[in-house]
Amino acid sequence: MTDTYKYDNFTNEENIPKSVQLSANFLLKDFLILSDKVSSVKSQVGLSSGQIVQNLQYLSVNIAEKVKDEYSEMIIISGYKYKTDGSLSKHYSGNAFDCQFAGKAASDYFDIAKRLTQIIPDYDQILLNYYSFGLEMPWIHLAYNKNYNRRQVLTLFNGQTIFNGLSKLL
């Protein structure tokens, strides 16, 4: 995968099919997997559905492809989300996804997150998330903005930031 992937101009489009190719390895539907409720991209947070799909394409080319190249077992567990409350989330604008890695132990996620900070040259956020309930498997939140990226790296536990940078909790 190269950074020269052609960006399609989705900005003025509506009702974009889930089968549209965003990058070499990812279709739009790969980022619409949170739940059965997310079946298409809708306008929200001041953006048209086309603008959100454009953001998902930038995210796919600049982040998801690099992760997939390094870790073929990467699985997107949450991508674009419908805004249902007053919270802020990069998922609403198509600028973030969460992933896990099939076959990897929870204790591997620190090293994976650390490696991602090295192989992804430009990112907005890499957040290593640990939880003590539910599946108890960590996941990594990755965010990208076309115009400005903070290169923010945090470790979270049960949804709360506990460390600015990466910390191995397991």
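These numbered points cover confidence, core contacts, ring pairs, salt bridges and a surface patch in a predicted model.

1. Confidence. The chain has a mean pLDDT of 89, and 89% of its residues reach 70 or more. Helix α2 (residues 109-119) has the highest confidence, at 98, while β6 has the lowest, at a mean of 90. Where pLDDT is low, the predicted coordinates should not be read in detail.

2. Ala 64 and its surroundings. Ala 64 belongs to helix α1 (residues 49-70). Its relative accessible area is 0%, so Ala 64 counts as buried. Leaving aside residues up to four places away in sequence, Ala 64 touches Phe 26, Phe 31, Leu 59, Met 74 and Phe 97. Phe 97 is 33 residues from Ala 64 along the chain, and their C-alpha atoms are separated by 8.6 Å. Among these contacts, Phe 26, Phe 31 and Phe 97 are linked into a cluster by ring pairs.

3. Aromatic pairs. The whole structure contains 6 aromatic pairs. One of them joins Tyr 80 and Tyr 82 edge-to-face, with 5.7 Å centre to centre and 85° between the planes. Tyr 80 is buried at 0% relative accessible area; Tyr 82, at 19%, is also classed as buried because the limit is under 20%. Phe 101 and Tyr 109 make an edge-to-face pair too, at 5.6 Å centre to centre and 65° between the planes. Both Phe 101 and Tyr 109 are buried.

4. In one of them, Arg 115 meets Glu 70 at 2.9 Å, N to O. This pair links distant parts of the chain, with Arg 115 in helix α2 and Glu 70 in helix α1, 45 residues apart. Arg 115 is partly exposed at 30% relative accessibility, as is Glu 70 at 36%.

5. Lys 90 bridges to Asp 124, with the closest N and O atoms 3.3 Å apart. Lys 90 lies in the loop between β1 (74-78) and β2 (96-101) and Asp 124 in the loop between α2 and β3 (125-130), so the pair ties together parts 34 residues apart in sequence. Asp 124 is buried, at 1% relative accessible area, whereas Lys 90 is partly exposed, at 25%. Asp 124 also forms a salt bridge with Arg 150, at 2.8 Å between the closest N and O atoms. Arg 150 sits in the loop between β4 (139-143) and β5 (152-157), 26 residues from Asp 124. The shared partners join Lys 90, Asp 124 and Arg 150 into one network.

6. Surface patch. Phe 157, Ile 162, Phe 163, Leu 169 and Leu 170 form a nonpolar surface patch with about 430 Å² of accessible area together. Leu 170 is in the segment after β6 (160-164).

How values were computed
Residues are numbered from 1 along each chain as its sequence is written. This is a predicted model: local features need pLDDT of at least 70, side-chain atom pairs count only at pLDDT 80 or more; totals for chains, interfaces and linings use all residues. Side-chain values use heavy atoms; hydrogens and water are left out. Patches are made of residues with over 30% relative accessible area and no salt bridge: like charges are joined within 9 Å, nonpolar side chains (Val, Leu, Ile, Met, Phe, Trp, Tyr) within 5 Å. Accessible areas come from the Shrake-Rupley method with a 1.4 Å probe; for residues, only the protein chains shown count as cover. A salt bridge is a side-chain nitrogen of Lys or Arg within 4 Å of a carboxyl oxygen of Asp or Glu. Helices (H or I, at least four residues) and strands (E, at least two) are DSSP runs, numbered from the N terminus. pLDDT is the predictor's confidence in each residue, from 0 to 100. Buried means under 20% relative accessible area, exposed over 50%, partly exposed in between (1.4 Å probe, protein chains only). Contact means heavy atoms within 4.5 Å. Rings of Phe, Tyr and Trp (its six-membered ring) pair if their centres lie within 6.5 Å; planes under 30 degrees apart count as stacked, over 60 as edge-to-face and the rest as tilted.
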